[in-house]
Amino acid sequence: MDQCKLLKLLSDLPLGPVHYLSTVDSTNNLAARWAEDGAPDLTLVVADEQTAGRGRLSRRWFTPPGAALAFSLILRKTEQNYLVPNDSISRLTALGAISVCDALEQTFLSTHPAQIKWPNDVLVGRRKLAGVLTEAHWQGDQLQVAILGIGINVAPKSVPSDENLDFPATCLESIAQKTVDRWELLHEVLAKLLHWRILLNSPKLIQAWERRLAFLGEQVQVIFKDKVLFKGQVTGLKSDGSLILRTRSGNVKDLQVGEIRLRPVDSPSE
Ligand code: BT5
């Protein structure tokens with residue numbers, strides 16, 4: 001891939017400026033710097049390799065060259081396009097995760113359902129295939145810009161070794177059992193993102209997220225700083241994207257996006 005080919009590939013989509021880099025520290029870092037310099041809504045940064053790709057809470061995201069998709073989209077409040085209310089930032093993460101799931105199923109995985117492990121992981125066959133990192137930039141108490149970063153494992157080389165993982169991982173080619181054109185997938189994910197962006201503040205987004213919720217009806221462990229806080233059954237989502245769980249004693253708890261991780265109770269890693 002190169003800048004010219006990428007522009008051509010994405011020319012039918014109403015995006016902002018599109019940038020391709022063969023290597024970068026993190027597409028989210030670069031997008032954030034450009035956003036600060038005024039880069040417009042829907043500016044896209046795509047990299048073949050990230051040397052310091054990031055997950056949530058300073059965790060690492062592994063992106064070796066030639067094997068994965070790593071990109072960030074600048075979402076800016078404009079006259080035509082709004083963002084989300086300040087208390088609904090998790091909708092932006094859902095926008096990314098739902099678009100990845102839809103695109104996977106529409107292109108290479110029509111027989112393998114993709115699910116969302118709340119709040120930001122895309123799972124196929126209960127293994128992590130993609131992750132979403134949303135970073136919000138505020139002006140006073142107003143959300144002005146969000147950087148939506150997406151990493152998708154395509155070829156087997158993109159999957160980190162087990163000792164670097166806190167949840168089992170996989171890649172698209174292992175599931176699809178064939179070679180995959182990652183740029184075709186990029187095009188489809190972006191097309192889905194543009195579709196769902198219009199529905200960002202609609203109940204439809206939460207409904208689509210809930211339909212794809214991993215472990216729905218199952219018992220999970222809620223983990224905070226490597227400690228199991230409690231166990232509960234996943235029962236759904238609230239309209240702000242918080243996760244609803246019912247504990248064994250019948251109490252209903254909501255989880256806000258934060259330093260929380262979920263594990264199915266039967267997880268071999270626990
Ligand atoms: C995420 O964080 O899953 C968000 C990942 C977002 C990556 C994209 S790539 C483009 C953009 N630029 C960036 O710098 N980031 C975004 P989290 O839920 O915190 O998961 C991080 C954890 O996933 C790590 O601690 C590892 O255990 C695991 N991990 C790291 N690399 C992985 C990979 N390639 N596949 C599966 N799991 C991985």
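Helices here are DSSP runs of H or I of at least four residues, numbered from the N terminus. With that convention in place, Glu-188 belongs to helix α5. Please keep in mind throughout that the model is predicted.

Let me stay with Glu-188 for a moment. Is this residue buried or exposed? Its relative accessibility is 17%, and buried means under 20%, so Glu-188 counts as buried. Setting aside neighbours within four places in sequence, Glu-188 is in contact with Ala-103, Gln-106 and Thr-107. Helix α3 covers residues 90–107.

Helix α5 also takes part in an aromatic pair. A search of the whole structure finds one such pair. The rings are those of Tyr-20 and Trp-183; their centres are 6.1 Å apart and their planes meet at 75°, so the arrangement is edge-to-face. Tyr-20 sits in strand β1, residues 18–24, while Trp-183 sits in helix α5, residues 182–197, so the pair ties together parts that are 163 residues apart in sequence. Both partners can be described by their accessibility. Tyr-20, at 15%, counts as buried, and Trp-183 is buried with a relative accessible area of 11%.

I turn now to the nonpolar interior. In soluble globular proteins, nonpolar side chains tend to be buried together. In this model, the largest nonpolar core has 74 residues. Which of its members touch the most others? They are Phe-71, Leu-104 and Ile-152. The element that gives the most to this core is helix α3, with nine residues. There is also a second, separate core of 11 residues, and its members include Leu-30, Ala-32, Ala-39 and Ile-74.

Apart from neighbours within four places in sequence, Ile-152 is in contact with Ala-68, Leu-69, Val-100, Leu-129, Ala-130, Leu-185 and Val-189.

Asn-153 counts as buried, at 3% relative accessibility. A polar atom of its side chain lies 3.1 Å from the backbone oxygen of Thr-170. Not counting residues up to four places away in sequence, Asn-153 touches a set of residues that includes Trp-61, Ala-67, Lys-128 and Leu-129, as well as Ser-158, Val-159, Thr-170, Cys-171 and Leu-172.

Asn-153 brings us to the ligand. How many residues surround the ligand? The number is 30, and the closest are Ser-26, Arg-54, Arg-56, Lys-128 and Asn-153. A polar side-chain atom of Thr-27 lies 3.1 Å from a nitrogen atom of the ligand. The backbone contributes as well: a polar backbone atom of Asn-164 is 3.3 Å from a ligand oxygen, and a polar backbone atom of Asp-166 is 3.0 Å from an oxygen atom of the ligand. Taken alone, the ligand exposes 790 Å², and the protein buries 96% of that area.

Some points of backbone geometry follow. Where is the cis peptide bond? It joins Trp-118 and Pro-119, with omega about 0°. Pro-119 lies in the loop between β4, residues 114–117, and β5, residues 121–124.

For Leu-57, phi is near 50°. Leu-57 is placed in the loop between β2, residues 44–50, and β3, residues 68–76. Its relative accessible area is 48%, and Leu-57 is therefore partly exposed. For Gln-177, phi is about 60°. Gln-177 is in the loop between α4, residues 172–176, and α5. With a relative accessible area of 68%, where over 50% counts as exposed, Gln-177 is exposed.

Gln-221 is buried, with a relative accessible area of 8%. Its C-alpha atom is separated by 8.2 Å from that of Arg-261, a residue 40 places away along the chain.

Note on methods:
Residues are numbered from 1 along each chain as its sequence is written. This is a predicted model: local features need pLDDT of at least 70, side-chain atom pairs count only at pLDDT 80 or more; totals for chains, interfaces and linings use all residues. Side-chain values use heavy atoms; hydrogens and water are left out. A nonpolar core is a set of buried Ala, Val, Leu, Ile, Met, Phe, Trp, Tyr and Cys residues joined through side-chain atoms within 4.5 Å. Buried means under 20% relative accessible area, exposed over 50%, partly exposed in between (1.4 Å probe, protein chains only). Helices (H or I, at least four residues) and strands (E, at least two) are DSSP runs, numbered from the N terminus. Contact means heavy atoms within 4.5 Å. A residue is near a molecule or strand if one of its heavy atoms lies within 4 Å of it. A polar contact is a pair of N or O atoms within 3.5 Å; within protein, one must be able to donate a hydrogen and the other to accept it, and residues adjacent in sequence count only if both atoms are side-chain atoms. Accessible areas come from the Shrake-Rupley method with a 1.4 Å probe; for residues, only the protein chains shown count as cover. Rings of Phe, Tyr and Trp (its six-membered ring) pair if their centres lie within 6.5 Å; planes under 30 degrees apart count as stacked, over 60 as edge-to-face and the rest as tilted.
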